[in-house]
Amino acid sequence: MVPRGARVPPGLGGHPAGALLLLCYLNVVPSLGRQTSLTTWVMPKAEQSTTYKDFISFTAFEGSVRNVSEVSVEYLCSQPCVVHLEAVVSSEFRSSIPVYKKRWKNEKHLHTSRTQIVRVKFPSIMVYRDDFFIRNSISVSAVILRGWITHQHHGGDLNVKWEEHLLHAVAKNYTLLHSVPPFQRPFKDHQVCLEWNMGYLWNLWVNRIPQCPVENDEATLLAFPYASSGENTGIVKKLLRFQNRELEATRCQRTDYPVFTVSLWLYLLHYCKANLCGILYFVDADEMYGTPSIFLTEEGYLHIQMHLVKGEDLAVKTKFTLPLKEWFLLDISFHGGQIMVTTSLGQDLKSHHNQTISFREDFHYNDTAGYFIIGGSRYVAGIQGFFGPLKYYRLRSLQPDQIHNPFLQKQLAEQVKLYYERCAEVQEIISVYTSTAQVGRERQEACDLHNSYLDLWRRYGRPSMCTTFPWEKELRGKHPGLFQVLLEMEVPRSQNESVLEIGGKIFEQAVKRLSSVDGLHQISSVVPFLMDSSCCGYHKASYYLAVFYETGLNVPRDPLQGMLYSLVGGQGGERLSSMNLGYKHYQGVDNYPLDWELSYAYYSNIATKTPLDQHTLQGDQAYVETIRLKDDEVLKVQTREDGDVFMWLKHEATRGNAAAQQRLAQMLFWGQQGVAKNPEAAIEWYAKGALETEDPALIYDYAIVLFKGQGMWLNGRVALALNKKDSGAGLHQAVNGLGWYYHKFKKNYARAAKYWLKAEEMGNPDASYNLGVLYLDGIFPGVPGRNLTLAGEYFHKAAQGGHIEGTLWCSLYFITGNLETFPRDPEKAVVWAKHVAEKNGYLGHVIRKGLNAYLEGSWHEALLYYVLAAETGIEISQTNLAHICEERPELAGRYLGVNCVWRYYNFSVFQIDAPSFAYLKMGDLYYYGHPNQTQDLELSVQMYAQAALDGDSQGFFNLALLIEEGAIIPHHILDFLEIDPTLHSNNVSILRELYERCWSHSNEESLSPCTLAWLYLHLRLIWSAILHSALIYFLGTFLLSVLIAWIVHRFQSISATGSPPAPAWASPESTVPTANPAVPPAADVSNQDQPSIANNPEPHG
């Protein structure tokens, strides 16, 4: 059967249902002459037929379809009749769709040939192009105009159904009309005036002819090898509907008759340890297995399962087993009820096994109504091994020789094979050694016994001989490091001691050498030991090797070997290796293809383990802390068990300081601030603080420890009493704890929901997650069944509060896209899973060792551990490593085969929450250039702009300096900074805005460079304004005049001082003596030799 939605074709060329319904709706009722505008009656012909045989014929005046096409209908009726005329259209997907119907009676003019002109009116969507009113024109392949005659006494009554008339036709005929392709049709004149904006849009696309997308049914689900660890994580892929209408129509028609092919490369290490292990399977919208579902059994057979149309499932198992430790190509073709399975081996891909299976059942197949999973999932574990390229042909059933699925990474595939061949040899050496050494130990222990018989045997019997190992000299030369370690190691006390434990001991010795003062110098000599440890299954060594080869850390850089050991470590479940693979595929760096679904497979594996690791008391773990080596204040408070900070906290905690007790307990429980993880000591401080100081926070922490039994016996009754006491104090964590108690121990879901709702209102993220679990499991009180939508909403709220499990559920919803409230977003799924994975305690332990080495001044060890942490993709380690390389460039240049500063600052700026100083560093590197990197001013501007957007005043300052130097800031950068180019049309205005923002974002209380630059800019603007004003010309003229007058006066003064006595003909004004204050007035009078002549003499009396 075909689902109802699949029965509707995509239309006769346009949108599916709307166009066809419109056609049927317009013409479902006969017109009865209503559309005939002209009818011509013709007189009987001179020569009439003597047989009076009924006939009908057409003559189309226009051979193609027009809006109104005139057709000449010639007919003859021997009896009272009804003439029928009908236009039927067909397309690729549907046929016989009536679009025009007309009929009329002829009762009077019998035995006479008559002609009638009929104007056939076709729907606009058939004869015009798309426009604003005709949205979906129909592309038709054929238009048939047919007509027939029925006699009234043989079903020709007008009340008879239209379809029944054709059965009683006494004469019928048809003609073909040519359809016009959609883009050769004219536009319809709607006699409507469009608005200006609509008319503008119309002119933009009026002459555009859309093209069908280039698309085929071949889907590459995997292009790069995937390391499957056999756990419950895998790759999630979702197929979309075809954009090509023909392909999509074919797909919809085959939902009950599947025709497709799966081709994938596999490398199996072991058969399934459970009943079934996932290879490739489809999960539908109801979270049920669909068609196809391919699994591996514990015996090595293929288990192929299909979902039937009737709702049941059908499975079959192959007769042959799959090969182990050998790359092979698996091809499975489905053609209806027939399945053909083929495996091919070797370079020439010769068929190894071939089996054909036939069924009589109808399979249901809809590859877009769900998602595919490659490997494991929460429903089933994955295989242990490697996936190679995987291709999926959605609409074709192909033979093996028709399938093109090459393994593009041939060298990598060959290296994987060689690695496991070498490791099989190493494991055999260790097994033989342990068994032989155990026999020797048993003999030695027997020799240590004291009795008379053994004394006689030792005295007179044959001397004891050492058991020789069955190894040739060539083999010893091939593995010198392994034999050396085996001889130096303590002989295992039991044969049950695994190869893995010996690998761990080899690794510990290698790391001990790497942690020495010149540890980096010894890497090349330690590599063989790490290889042997990796072959023993201890994949921490695999990650070390991967990092050494990828970064060239005192070994020749070899990206191929780096990929090999990363994949091997990821397959072995090594957390840091999986994070390394996830990060490289997330960013698409170091020759790893960008693949978010593949990245999610690795990150989700570690993210799922992270909450479990946090509650595990064993293992080398530490809390992942954000500590930057640039922050001296934070570095000062780092401590150890014998450090000053720890001893002071311990002293205060002993005195009863609740805050010190809580902080001390947290440091010991999680391994924070440089203190080793010690849950037992932490619980003692929790108990002391809760019972003595009765601090609410300590009471809650201690109650949770008692509830979960972490590090001590579970004691629910005491924990319940403590939680009730805390909840009464209004602590939302305690209210949530009460709900958890009633859910976990009492199974009282109603009471648990009551407490969780209360805690959720108080802002507790744990309560939000717990409510989501109730909805997910379908046990929320009063709500029947599961409610995935509400569960997702509560999980999202918990994730926003930092809840780890809530974040994991949200990332799963984003990768599958099965919830409407979580549209599929693989990138966001990776970001959320990465966020959780980077909280893993094993990563924190590596970071802590690097930090401790840095604080102690052990530069070799610090560089080693920060490189190991940085390659996992965590930003804090990348920036710290770049900082170390800046501090000790000679160390990085000597031992690292990559440009350390450039590589890790560049990596860090592509992180979600990259620090602003990393953007500034990259901006500087782009501005000044760097080895193997030319200057790039545009990228430098982008980096500074990003730093400025993050609120860093230095970013604004650097952008302003670039403008000062003549650089032009592009408009998209200004828009990025929310600077309107229309309001700031020149560089001066932009400079003022940048300096003002720089000043406002500066944290310095005193005068900062931003402040000085802002003041200097304004002084320059003021001076420029003065120079360009009218006042400056007046002042300049005035000052110039004063200067000239002063110079003239000065010149005259100098001339008067050094000149001879004035001549007699000088003017009287120049010879008038000046009064000298040193001469008395009387003397002046006596010096007047001649009397003065008065102009106006007075009379004398």
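1. Let's start with burial: 48% of the 1101 residues in the protein chain are buried. Here buried means under 20% relative accessible area, exposed means over 50%, and partly exposed lies in between, using a 1.4 Å probe and protein chains only. Keep in mind that this is a predicted model, where local features need pLDDT of at least 70, side-chain atom pairs count only at pLDDT 80 or more, and totals for chains, interfaces and linings use all residues. Residues are numbered from 1 along each chain as its sequence is written, and side-chain values use heavy atoms, with hydrogens and water left out.

2. The protein chain has 42 helices and 20 strands. Both are DSSP runs numbered from the N terminus: helices are H or I with at least four residues, strands are E with at least two. Of the contacts in the chain with a separation of 6 or more, 66% are between residues 24 or more positions apart; contact means heavy atoms within 4.5 Å.

3. Now have a look at helix α13, residues 540-551. Its 12 residues reach 17 Å from first C-alpha to last, close to the expected 16 Å (that is 1.5 Å times one less than the number of residues). Because 11 of the 12 residues are buried, α13 is largely enclosed by the rest of the structure. Among the buried ones are Y543, Y544, F548 and E550. Just after α13, G552 takes a positive phi of about 65°.

4. Which residues does M563 touch, leaving aside those up to four places away in sequence? They are F224, L412, E550, D590, N591 and Y592. M563 sits in helix α14, residues 559-571, and is buried, with a relative accessible area of 9%. The C-alpha atoms of M563 and D590 are 9.2 Å apart, although 27 residues separate them along the chain.

5. Last, a helix pair: α29 (residues 841-856) and α30 (residues 859-870) pack at about 155°, with axes 8 Å apart. Axes are lines fitted to C-alpha atoms, for helices over the stretch in contact, and angles run from 0 to 180 degrees between N-to-C directions. That angle makes α29 roughly antiparallel to α30, a label for angles over 145 degrees. The contact includes L843, V846 and Y854 of α29, and W859, Y865 and L868 of α30. By class, it has 12 nonpolar, one polar and two charged residues. Ala, Val, Leu, Ile, Met, Phe, Trp, Tyr, Cys and Pro count as nonpolar, Asp, Glu, Lys and Arg as charged, and the others, Gly among them, as polar.

Notes:
Parallel < 35°, antiparallel > 145°, perpendicular 65-115°, else oblique.
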